[in-house]
Amino acid sequence: MNNKDKRANSSRKPTAGVVGATGYTGQELIGILRGHEDVEVAFATSRSEAGEESAIAGLRFSDPEDVDPEAVDVLFLCLPHGLSAPWVERLRGRDVRIIDLTADHRPGSGREEGVVYGLSERNAEAIATADVVANPGCYPTGVILGLAPLLEAGLVDTARRTIVNAASGVTGAGRSPKKQLLFAEVSGDFKPYGLGNTHRHLREMKATLPGMPLIFQPHLLPVPRGILETIYVPVPKDVTAERVRATWSDAYRTSPGIRAGRAGAVSLAEVVGSDRVVLEVSENEGEGPNVLTVMVALDNLGKGAAGQAVQNMNLMLNFPEGRGLRC
């Protein structure tokens, strides 16, 4: 189907293609798209499993060399980090809109020029008209949603460091076999990784939270999926938890998946299998100068990856933002 044909039939459903569909994120994405009433999945590719039937009934994987990426309205790139850039370079300016789920074009990557950062709660208008969207990383999604409105409202003391302790389920490390991710290695254990403030997601956070000193320490949880982030935020003396909740309420008034400030502890059980983000904050007695504890929970495969990508697609195709999502 050429460009003119795609535009001519306005009554047809928009089509989507998924490149790199057999990883955890790709599988999650296909599942959401197959349940989306307004979009058809035209193809899903896999070099290693080409010709095989996926776990999603009625869909057979194609070799990426055998598909026409310009035949679809939206192309999702679920490749390993570093492999999406050639696709974007080849297809940019053509009649297909791209959502890149890798780190290749996120803020701080060096390739972000002309690419819209796909955090819809922050960039909805720009996403709606974008040709290329960089889907945020899972850890940065929670950190930025929790902290950006506070930073912009002047509620963070940027003369002191904000400390992020984050823990993710093992699907966050991808589907490639790794000894340290075997069940016998992970089960019953809990450990930090990316020591020394070196995790690659940190540059994305710093680029989107300018002027905010951050220490970011990720941990591996012995569960399949889900992220819980506990963030220690230095604040001016007059900033209370109630003021933070009010700021979130203002910022996310129209956001379908944000549950902010319900005066209770957050948990993975509230978000796993969904596209929600739960935000909460607490004060700390007797530990001046003031530090608030911000807590964020989300599903690394849902809002942290595939769900967020579909949210971006909805904006790009002029559908309701939460269409097809589990908000």
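**A tour of the salt bridges**

Select Glu-28, Arg-225, Asp-275, Asp-299 and Arg-326: salt bridges link these residues in a network. A salt bridge here is a side-chain nitrogen of Lys or Arg within 4 Å of a carboxyl oxygen of Asp or Glu. The model is predicted, so local features need pLDDT of at least 70 and side-chain atom pairs count only at pLDDT 80 or more, while totals for chains, interfaces and linings use all residues. Residues are numbered from 1 along each chain as its sequence is written, and side-chain values use heavy atoms, with hydrogens and water left out. The count of salt bridges is 16.

Next, select Asp-73 and Arg-12. Their closest N and O atoms are 3.0 Å apart, in a salt bridge. Asp-73 sits in the loop between strand 2 (40-45) and strand 3 (74-77), and Arg-12 in the loop between helix 1 (3-8) and strand 1 (15-19), 61 residues apart. Helices (H or I, at least four residues) and strands (E, at least two) are DSSP runs, numbered from the N terminus. Asp-73 counts as buried, at 18% relative accessibility. Buried means under 20% relative accessible area, exposed over 50%, and partly exposed in between (1.4 Å probe, protein chains only).

Move to Arg-106 and Glu-204. This salt bridge has its closest N and O atoms 3.7 Å apart. Arg-106 lies in the loop between strand 4 (97-100) and strand 5 (116-117) and Glu-204 in helix 7 (residues 201-208), so the pair ties together parts 98 residues apart in sequence. Both Arg-106 and Glu-204 are buried.

Last stop: Asp-157 and Arg-160. Their side chains form a salt bridge at 2.9 Å, N to O. Asp-157 is partly exposed at 22% relative accessibility. Arg-160 is partly exposed too, with a relative accessible area of 24%.
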